[in-house]
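Could you walk me through this model? I would like a short tour of its fold, its charged pairs and its backbone details.

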Amino acid sequence: MTDENTAVKAALKAQAVETPSWAYGNSGTRFKVFAQPGVPRTPWEKLDDAAKVHEFTGAAPTVALHIPWDKVDDYAALAAYAEERGVRLGTINSNTFQDDDYRLGSVCHPDAKVRRKAVDHLLACLDVMDATGSRDLKLWFADGTNYPGQDDVRERQDRLAAALREVYDRLGEGRRILLEYKFFEPAFYTTDVPDWGTAYAHCLKLGPKAQVVVDTGHHAPGTNIEFIVATLLREGKLGGFDFNSRFYADDDLMAGAADPFQLFRIMYEVVAGGGLSAEVAFMLDQCHNIEAKIPAIIRSVMNVQEATAKALRVDREALAAAQRAGDVLGANAVLMDAYNTDVRPLLAELREESGLDPEPVAAYRRSGWAQKTAEERVGGEQAGWGA
């Protein structure tokens, strides 16, 4: 058991979970954005909060930016500021959905001028990557149609392919496109990148620097997400995750909150498929509307760690033997034994060995950061969804 724990700890110590800058800002429902005291007002203050998450978890060393929500005059200076606080700038997320011109789409829009505007924004995001040293450009398109006959479905796919090709050809060495999919919202009839198959098809044509992102909230109820993960890993096309949780649709709850067993099943396929490597990006993509933001993000990082630890505890030899023997219940029991293992003591031990407090949320609350920011971040305009 000691050797097994050592191996599990080593794998967990190498795992990193990227946090999103927008999760630190105000957010809410479609009807109301709820403000909280101490919310960051600038990208710099978002990095201050993200640094606290990493300080107490030891597992969140990078922060994703969203352009133009995190637009600054000097991205190199922002990157230097992040490093001074013990974190780095990570994935750059584009935004082609919050402009009046994009009402009928962005890169799939029927008007070539609007498509040009959207592609120019994506290219500008690559310029940001040049300044920050980021590896990944994450693309999510809200493009779609509301009515049958509104636009030509095949032509929209052609427009999408052309836009992706222009961006792909501009990528430098060591850079990637991560293409995200979402099966509905905001379009009601067709969505231009609605599923992993569509994303995979486009990435396959583009080449090895184009990978698929699996957002765990972007699937119809009952979808076997772990099958998608296993398939993309098998094909070498799983670029990363956007971890969040949902009960009905894209609710953006804390990762592992709605169905922790699903998160375990997903992480088991990641482990089994060799996905615990630097090539698969483990990112959070969630907002916190009614709960305190930093503790929720810390909890999400911890939930990903716990699911990973349980997945690493699966007895692979016993599982393979049961599978070969056709022992259905025996094979299931091997997985359930790992899932039912309480890995919290192991993670607490790992944190202590790394010089961290074994209880990150409690340590954060004792730090006084929430009170400090509530007192100091007065005036100005709080960051929020879309700002």
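Here is a report that goes from the whole chain down to single residues.

## About the model

This is a predicted model, in which local features need pLDDT of at least 70 and side-chain atom pairs count only at pLDDT 80 or more, while totals for chains, interfaces and linings use all residues. Residues are numbered from 1 along each chain as its sequence is written, and side-chain values use heavy atoms, with hydrogens and water left out.

## The overall fold

Let us begin with the whole chain. The protein chain contains 14 helices and twelve strands; these are DSSP runs numbered from the N terminus, with helices being H or I of at least four residues and strands E of at least two. Its C-alpha trace spans about 60 × 60 × 40 Å along the principal axes. The radius of gyration, taken over C-alpha atoms, is compared with a globule rule of 2.2 Å times the number of residues to the power 0.38. For 387 residues a compact globule would come near 21 Å, and the protein chain has 21 Å, which agrees.

Of the 387 residues, 54% count as buried. Here buried means under 20% relative accessible area, exposed means over 50%, and partly exposed is in between, using a 1.4 Å probe and protein chains only.

## Charges and salt bridges

Side chains of opposite charge can pair when their charged atoms come close. The structure holds 33 salt bridges, each defined as a side-chain nitrogen of Lys or Arg within 4 Å of a carboxyl oxygen of Asp or Glu. One of them joins Lys117 and Asp99, with the closest N and O atoms 2.9 Å apart. Lys117 sits in helix H4 (residues 112-132) and Asp99 in the loop between strand S5 (88-93) and H4, so this pair ties together parts that are 18 residues apart in sequence. Lys117 is partly exposed at 32% relative accessibility, and Asp99 is partly exposed at 31%.

Arg175 and Asp130 form another salt bridge, again with the closest N and O atoms 2.9 Å apart. Because Arg175 lies in the loop between helix H5 (153-170) and strand S8 (176-180) while Asp130 lies in helix H4, the pair ties together parts 45 residues apart in sequence. Arg175 is buried at 16%, whereas Asp130 is partly exposed at 44%.

Which residue does Arg265 meet in a salt bridge? The partner is Glu226, at 2.5 Å from N to O. This pair links distant parts of the chain, with Arg265 in helix H8 (residues 260-272) and Glu226 in helix H7 (residues 225-234), 39 residues apart. Glu226 is buried, with a relative accessible area of 12%, while Arg265 is partly exposed at 25%.

H7 itself is mostly covered, as seven of its ten residues are buried. They are Ile225, Glu226, Ile228, Val229, Thr231, Leu232 and Leu233. These buried residues pack against helix H6 (196-206), strand S10 (210-215), strand S11 (238-243) and H8. After H7 comes Gly236, with a positive phi near 70 degrees.

## Ala50 in helix H2

Ala50 lies in helix H2 (residues 43-57) and is buried, with a relative accessible area of 1%. Setting aside neighbours within four places in sequence, Ala50 is in contact with Thr19, Tyr24, Val63 and Val87.

## Backbone details

Two cis peptide bonds deserve a stop on the tour. The bond from Ile67 to Pro68 is cis, with omega near 15 degrees, and Pro68 lies in the loop between strand S4 (62-66) and helix H3 (75-84). The bond between Glu185 and Pro186 is also cis, with omega about 10 degrees.

Glu185, in the loop between S8 and S9, has a positive phi near 75 degrees without being a glycine. Asp252 is not a glycine either, and its phi is positive at about 60 degrees. Asp252 is located in the loop between S11 and H8 and is buried at 15% relative accessible area.

Technical notes: Contact = heavy atoms within 4.5 Å.
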